[in-house]
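Here are my notes on the model you sent. They are set out as numbered points, to be read with the structure open.

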Amino acid sequence: MDGFLSALVAFTDPYLLFIVLIGTIGGVVVGAMPGLSSTMATALLLPFTLTMDPIAAIALLSALYCAGTFGGSITAILVNAPGAPPAAATAFDGFPMAQQGFAGKALGMAAIASVIGGVFSVLVLIVAAPALSRVAYNFGPPEYFALALFGLSMLATISGESAIKNLIGGAFGVLLATIGMDFTTGVDRFTFGNFELSEGIHFIPVMIGLFAGAEFLKQAADLGTQKVRMAVDAVKLPTMEDFRRCAATIARSCGIGAFVGLLPAEGGTVAAMIGYNEAKRWAKDKSKFGRGDIRGVAGPEAANNAATGAAMVPTLALGIPGSATTAIILGALLVHGLRPGPHLFTEQPTLLYAIFLAMLLSNLAFGVFGFVGAKLFARITLIPLRFLWPSVFILAAIGAYALEQSVLDVWIMVLAGLLGFVLQRFGFSAAPIIMGLILGELVEGSLKQSLIIFDHDWWRFLERPIVVGFLLVTLASMAVPVFGALRARTRRGTARQA
């Protein structure tokens, strides 16, 4: 309690509040730029925090982390160019809503779902950090393999109308994940003598290409057609009915995001994908997803923001980063002479509560900023296409290059854009490819590590209760669509006979 009161006193200082506000605005702006994530922004800001007070420094980075997660949804909804990897799932229904004239409604729902998810994650961080950290500590390579396998089992239903096409796309994404050096044998695979490919293909250039690049080509192909454009006064915000419709989806995604974000993996991105898939799975009218269903915006946004606070749990309690951005925050703690771990809760309670308050204030601030500014952001869709899309393409190229300062990533983005454009013509979705690429590396790496641990004895996987639990959930996840398809076929046969 003394630490909490000391943190409250610290936040009566206008300077600290200003730091959190700057971090929030900076996070939203950086997050909205394709390819420029909060991870990159925190890495660039870290040297500038060395002369700051530890509380102010960590508060700045934490605020940037929270706001950057939301910022990616802005361009994902408006121009189908996710500003951050977790926002890729938001684009599935957010961009179709913008095309139908509901950009303001999509942005408003993204803001409110992000706030709810973010605040929930902070509460999880405050209340359940010790217990949740023990759960995360029990996860080894076998558990990560089972978790990733569960994620891959969702490919058939994640988007689109054809489960077969989704599985083909997911398999292609897993194949892309095998490019590069095999970490167990040291052998280069599918690199064709290119040294830069030895580290593999990062999913950010691929994601930018499949979404922004493909949409750029699609818009270029449709330049000669006449389109009905949305009137400026037609920008609408979500209604109470929209909130009631999304309430169950947001609640479910908060739990998913908090659990997945707790695990030291691709927390926000995987959480958003699972949040979207579960929103679709539990919906009675699944056919609306991918065509502009507001629940397809609320689900991933609540999930990826719920993962932010949860990812801080192993970072602070165990010194194990829960995500790439928390790894940088962990580095900032070490630079300022602070030792993450259980003793941090007893030695630096004021700092911990200051981090909690900074994240809480940042979530509330970007919620107000996003909801109030939804109408302003939505007017981006009124910019003439001949000016808007070349600008988006330039930003996409900059975002792809900025990742590793590599021209190869720009070419990967261009090739992914061409591929995405062709796939759209044949009814394939980009979502399974992205998910296969993200989870493929985790599946392969954790499987090989597990087999080394088990001395290639596959049966020893069944000795791990958490693994067995995930495998059972995976089987159930795969059985539901199969039974649904068989039931639908039986009904069609019965109808024909009648």
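1. Is F190 buried, exposed or partly exposed? With a relative accessible area of 46%, F190 is partly exposed, where buried means under 20% relative accessible area, exposed over 50%, and partly exposed in between (1.4 Å probe, protein chains only). F190 sits in the loop that runs between β2 (188-189) and α9 (203-221); helices (H or I, at least four residues) and strands (E, at least two) are DSSP runs, numbered from the N terminus.

2. On sources: this is a predicted model, in which local features need pLDDT of at least 70 and side-chain atom pairs count only at pLDDT 80 or more, while totals for chains, interfaces and linings use all residues. Residues are numbered from 1 along each chain as its sequence is written, and side-chain values use heavy atoms, with hydrogens and water left out.

3. Overall make-up. The chain holds 20 helices and two strands. Of its 498 residues, 54% count as buried. The accessible surface of the chain is about 21900 Å², and 69% of this belongs to carbon and sulfur atoms; accessible areas come from the Shrake-Rupley method with a 1.4 Å probe, and for residues only the protein chains shown count as cover. Among contacts (heavy atoms within 4.5 Å) with a separation of 6 or more, 78% are between residues 24 or more positions apart.

4. Surface patch. F190 belongs to a nonpolar patch on the surface together with F172, L175, F192 and L419, and their accessible area together is about 520 Å². Patches are made of residues with over 30% relative accessible area and no salt bridge; like charges are joined within 9 Å, and nonpolar side chains (Val, Leu, Ile, Met, Phe, Trp, Tyr) within 5 Å.

5. Positive phi values. F192, in the loop between β2 and α9, has a positive phi of about 55 degrees although it is not a glycine. F192 counts as exposed because its relative accessible area is 78%. D455 also has a positive phi of about 55 degrees without being a glycine. The place of D455 is the loop between α19 and α20 (465-497), and D455 is exposed at 63% relative accessibility.

6. Around T178. T178 lies in the loop between α8 (163-177) and β1 (180-181). Its relative accessible area is 17%, so T178 is buried. Leaving aside residues up to four places away in sequence, T178 touches R189, F190 and E444.

7. The R189 pair. R189 forms a salt bridge with E444, with the closest N and O atoms 2.5 Å apart; a salt bridge is a side-chain nitrogen of Lys or Arg within 4 Å of a carboxyl oxygen of Asp or Glu. This pair links distant parts of the chain, with R189 in strand β2 and E444 in helix α19, 255 residues apart. Both R189 and E444 are buried. By the rule above, the count comes to 14 salt bridges.

8. The D285 pairs. D285 forms a salt bridge with R245, the closest N and O atoms being 3.9 Å apart. Here too distant parts of the chain are linked: D285 is in the loop between α11 (267-281) and α12 (295-317), R245 is in helix α10 (residues 240-262), and they are 40 residues apart. D285 is partly exposed at 24%, as is R245 at 34%. K288 forms a salt bridge with D285 as well, at 3.4 Å between the closest N and O atoms. Salt bridges that share partners join R245, D285, K288, D293 and R295 into one network.

9. Helix α2. How far apart are the end C-alpha atoms of α2? They are 25 Å apart, which agrees with the 26 Å that its 18 residues (14-31) should span at 1.5 Å a residue; the expected span is 1.5 Å times one less than the number of residues. The buried residues in α2 include L16, I19, V20, G23, T24, G27, V28 and G31. Seen down the axis, the buried residues of α2 fall within an arc of 160 degrees, so they line one face of the helix; the arc is that of the directions from the helix axis to the C-beta atoms. An α-helix has 3.6 residues a turn, so residues three or four places apart point the same way.

10. Helix α19. I452 is in helix α19 (residues 430-453) and is exposed, with a relative accessible area of 55%.
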